[in-house]
Amino acid sequence: MSFSRRTLLKASAASSVMGVIGVPLVASNEEIGESDMTKNAQIPDSRIIWPPEHSPASSRVFAQNTIDIAATPETVWSLLIDCVKWPSWYKHCSDVSVLKGGPLLSANSQFRFKTLGFYFEPEIVTFMPNQMLIWSAKGPAGTSGAHAWYIEPTPGGCHVVTEDA
């Protein structure tokens with residue numbers, strides 16, 4: 001089965017730095033909007049292993065998005081770690097380059113991208129293929145944060161959780 005990067009899901013820029021990745025086989029439209037993501041209470045997923053300095057419990061900001069995707073965890077993972085191609089499916093992302101490691105993200109990678117008008121240079125802090133990816137980065141005005149992806153296999157593909165703290 002072949003999946004187009006162009007049909008990947010973007011997340012609300014207001015709730016997530018990077019957004020939720022998805023192959024929208026569950027809908028016929030080319031791009032799924034924020035209304036298709038769950039809007040449950042923002043309770044951190046206990047399966048995500050946060051760096052201590054970015055724990056949701058001590059963070060001033062926390063956002064979570066979840067989605068069920070009709071694609072295997074391996075397919076979602078392969079698109080996620082190919083960060084240079086993110087702009088082809090996430091319109092709020094541009095100017096992506098791998099600074100350390102590469103060409104795909106790996107356990108020791110550092111990369112650079114622009115989103116929502118700001119440049120970030122995240123470092124990978126957790127790299128568990130086909131399951132969990134967490135990066136942390138310094139942001140504008142002395143801020144810092146982390147972004148986590150958790151991918152869980154389901155009978156119909158996978159369930160993806162993204163969190164920012």
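Which residue lies over the face of Tyr119? Arg112 does, at 3.9 Å from the ring centre. The views below come from a predicted model.

View 1. Arg112 lies over the face of Tyr119. Arg112 also forms a salt bridge with Asp95. The closest N and O atoms of this pair are 3.8 Å apart. The pair links distant parts of the chain, with Arg112 in strand E3 (residues 110-115) and Asp95 in strand E2 (residues 93-100). Arg112 is partly exposed, at 26% relative accessibility. Asp95 is partly exposed too, with a relative accessible area of 40%.

**View 2. Asp45, Arg47 and Glu152 form a network of salt bridges.** Side chains of opposite charge can pair when their charged atoms come close. In the bridge between Arg47 and Asp45, the closest N and O atoms are 2.6 Å apart. Is Asp45 buried or exposed? Asp45 is buried, because its relative accessible area is 13% and the cut-off for buried is under 20%. Arg47 is partly exposed, at 30%. The whole structure holds 5 salt bridges.

**View 3. Lys85 pairs with Asp82 in a salt bridge.** Their closest N and O atoms are 3.8 Å apart. Lys85 is partly exposed, with a relative accessible area of 40%. Asp82 counts as buried, at 12% relative accessibility.

**View 4. Trp77 and Phe127 make an edge-to-face pair.** A pair of aromatic rings is described by the distance of the centres and the angle of the planes. Here the ring centres of Trp77 and Phe127 are 5.1 Å apart, and the planes stand at 65 degrees. Trp77 lies in helix H1 and Phe127 in strand E5, so the pair ties together parts that are 50 residues apart in sequence. Trp77 is buried, at 5% relative accessibility. Phe127 is partly exposed, at 22%. The structure holds 8 aromatic pairs. Ring pairs also link Trp86, Phe111, Phe113, Phe120 and Trp135 into a cluster.

**View 5. The largest nonpolar core has 25 residues.** Which residues have the most contacts inside this core? They are Trp86, Leu105, Phe111, Leu133 and Val160. Several elements give two or more residues to the core, including helix H1 (73-80), strand E6 (132-138), strand E7 (144-154) and strand E8 (157-164). A second, separate core of 10 residues includes Ile48, Tyr150, Val161 and Ala165.

**View 6. Leu105 and Ile124 touch each other.** Beyond its sequence neighbours, Leu105 also touches residues including Leu80, Ile81, Cys83, Trp86 and Phe127. Ile124 is found in strand E5 (residues 123-128). Ile124 counts as buried, at 9% relative accessibility. Among the residues that Ile124 touches are Ser106, Ala107, Ser109 and Ile134. Trp135 is another contact of Ile124. Ile124 and Trp135 are 11 residues apart in sequence, yet their C-alpha atoms are 4.3 Å apart in space.

**View 7. His54 is buried in the segment before strand E1 (63-69).** Its relative accessibility is 7%. Which residues is His54 in contact with, leaving aside its neighbours within four places in sequence? They are Ser136, Ser144, Gly145, Ala146 and Ala165.

Terms used. Residues numbered from 1 in each chain as written. Predicted model: local features only at pLDDT ≥ 70, side-chain atom pairs only at ≥ 80, totals over all residues. Heavy atoms only, no water. Helix = DSSP H or I, 4+ residues; strand = E, 2+ residues; numbered from the N terminus. Buried < 20%, exposed > 50% of the residue type's maximum accessible area, 1.4 Å probe, protein only. Contact = heavy atoms within 4.5 Å. Salt bridge = Lys/Arg side-chain N within 4 Å of Asp/Glu carboxyl O. Core = buried A, V, L, I, M, F, W, Y, C linked by side-chain atoms within 4.5 Å. Phe/Tyr/Trp six-rings, centres within 6.5 Å; stacked < 30°, edge-to-face > 60°. Lys NZ or Arg CZ within 6 Å of the ring centre and 35° of its normal.
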